[in-house]
Amino acid sequence: MSLPVTNLDDRKFQDLVDEAKRMIPQLCPEWTNHNLSDPGVALIELFAWMTEMTLFRLNQVPDTFYTRMLNLLGFEQFPASAARTDLTFWVNGGAAGGIEIPRGTQVTTVGSVGSPRVFTTIEAAAVVPPRLTAALTSHGDDRYVNVWESLALGLESIPCFPRSPLTPGDAFYLGFENSLSGNAIRLAIEATVEGIGVMPDRPPIVWEVWQGEGWIPAAVPNMPGNDEVADTTGGLNRNGSLLLLVPNAHEPLTLGGERAYWLRARLTEPAPGQPFYRASPQIRRVSATCVGLTVEAEHSERIDDEFLGMSTGKPDQVFQTARKPILPRDGHEVLVVTVGTESSEWTEVTDFVDSTHNDHHFAWDSSTGEIRFGPLIRYPDGGIRQHGAIPPEGAELRLTSYRTGGGAAGNVGSGTLTGMRSAIPYVNGVTNLAPSSGGVDAETVENAKRRGPQSVRAGGRAVTVSDFERLTGEADSRVARVRCLAPEQPGDPVRLFVVPNVKRRAESLVLDDFALPDDMIARIAGYLDERRVLGSTIEIGTPYYQGVTVASLVSAQPGRPASLVRDRCQRALYDYINPISGGADRQGWSFDSDLNSATVFQVLEAVEGVEKVDEVLFFEYDLRNHERMGFGKELVKLSPDSLFLSTNHQVVVQ
């Protein structure tokens, strides 16, 4: 998308004439003849023409010229990115074997402010009925006991953790014939009350599955929309059921001579105040039923079979899609050109530099939705070359499908995507058990202008520290800030500290908001790998977020409510000590910049309603354990790989 050129004043000749005529009754009430033949009106038109010429020259200022040069170089804004989340479709367990969630299934928010947010499933998924084929108990150290025969017959109870005394790490394994990836599984358990000593709602057990390289947790969610408890077994101590949500990664493994897809219950170290088992729970029978299926979805709407128009047979044709912006193509979205009874699929390219007159190429602008065909260019030698083929005159152009959407509006909370646009047999409902993330609005013009010269200067190669920082920002639009530290010794990696763009109020930010998604790390690594210097290595991570709390004593102006002044002071502190939008320039707290009381005094004194600031102290804050550490100080230093993250500010107003 070409950068829009700003008009500092967009008034035209007629606008100026009309504006002047509207002022006549106020300034010259005795002037009543406003016809075109009146000499006064002729003078107004003369000066309007002269003013229009002045405005034309005003709009040719260097800022406009600068924007046009970036357009000439083919520099484009980053398009919007779509948020993604996992949708869990709850199904009727009795008919789970024949249920399929088609690709393109749409789910919307219900009861949200504004227009509903629409999410579309990316791939098709089908429910595979779980079939138990093996059961093991483990004493640790790769020692396994096969208990499948006893469990299958149900003649006697099986101790889940037979070692005495029970030890954290002991495990009970259930093996399945097929992968349970993405499935919500309900285990129906017949047990006896033998595992004494634990709290039924807080047993020291974690459920895990093997994902190919290690064991990862299988979440235990509560069913949405009702008060049903996910675990009614009281820690495997009584008859009941257990609801498990298996991650989208479940691989086979050979244990104790049995190869299966394993699900295990492992004893964990008890937390403070959490009692441990004094005896092992015992199970007589287990059965498994699929009650749900998890499918990845993105914030988008799919438009199918859109007619673009008829070709005129001329070069440089442009067609417009009905919706915009357009999300990155997924391989299923193609342009079909039909001539008579013959159809052909054309290939999308970024430009027509290497396209010949026989190449079925087209360019597609994601921001504007414009589809463009190649130009006819005359070269200095007098030759004329067609870059890219042109559909013949009368050819019909259609898009098989495309996806539109994206932006920060798609970052919705958990449990908000519950409305299905089309019914699916045996599906009882849908929800997102986790909030969606990754939605970013299109790049602003101002940011594109700042980024343009850096891109042109470095030529797209990662050589210097600033090159790495700039290219990391280009790799993913979710990147808010980057700090690059050069290797200290030859052979050391280049270290990149990435701050994601978190769209939350400053006072509600927590440490987990700044974790980097796996797909974001992969995208940055892949982008930099193509541009780094041969032999260099890159290490991507997050800065160390130094928690800090401000305790201040201020005096309010007479007549100002203390609660209002306190709220304004706290908001000013959160905005100032902020890794994304803090600092003196509001561009994010600077790396290497220490926090001193003098600057905070100035910030608080500028708050409306504050008469004076009496005292400011800083306390370091443990963001993991949520507690204040040490004594108050007037200066907190910051290491090169760190940023401040403020929380729990205390303002006393007197």
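Predicted model: local features only at pLDDT ≥ 70, side-chain atom pairs only at ≥ 80, totals over all residues.
Local features were considered at pLDDT of at least 70 and side-chain atom pairs only at pLDDT 80 or more, while totals for chains, interfaces and linings use all residues. Residues are numbered from 1 along each chain as its sequence is written, and side-chain values rest on heavy atoms, with hydrogens and water left out.

A salt bridge here is a side-chain nitrogen of Lys or Arg within 4 Å of a carboxyl oxygen of Asp or Glu. Going by that rule, there are 37 salt bridges. Some of them join up: Arg84, Arg103, Glu296, Glu298, Arg302, Asp330, Glu333 and Arg403 are linked in a network.

One pair sits inside a helix. Helices (H or I, at least four residues) and strands (E, at least two) are DSSP runs, numbered from the N terminus. Glu474 and Arg470 are both part of helix H6 (residues 465-475), four residues apart, or about one turn of the helix. Their closest N and O atoms are 3.3 Å apart. As for accessibility, buried means under 20% relative accessible area, exposed over 50%, and partly exposed in between (1.4 Å probe, protein chains only). Glu474 counts as buried at 12%, and Arg470 counts as buried at 7%.

Other pairs reach across the chain. Asp512 forms a salt bridge with Arg624, with 3.2 Å between the closest N and O atoms. This pair links distant parts of the chain, 112 residues apart. Asp512 is exposed at 53%, and Arg624 is exposed at 58%.

Glu301 pairs with Arg323 in a salt bridge, again with a closest N and O distance of 3.2 Å. Glu301 lies in strand S16 (residues 282-310), whereas Arg323 lies in the loop between strand S17 (318-320) and strand S18 (335-339). Arg323 is partly exposed, at 33%.
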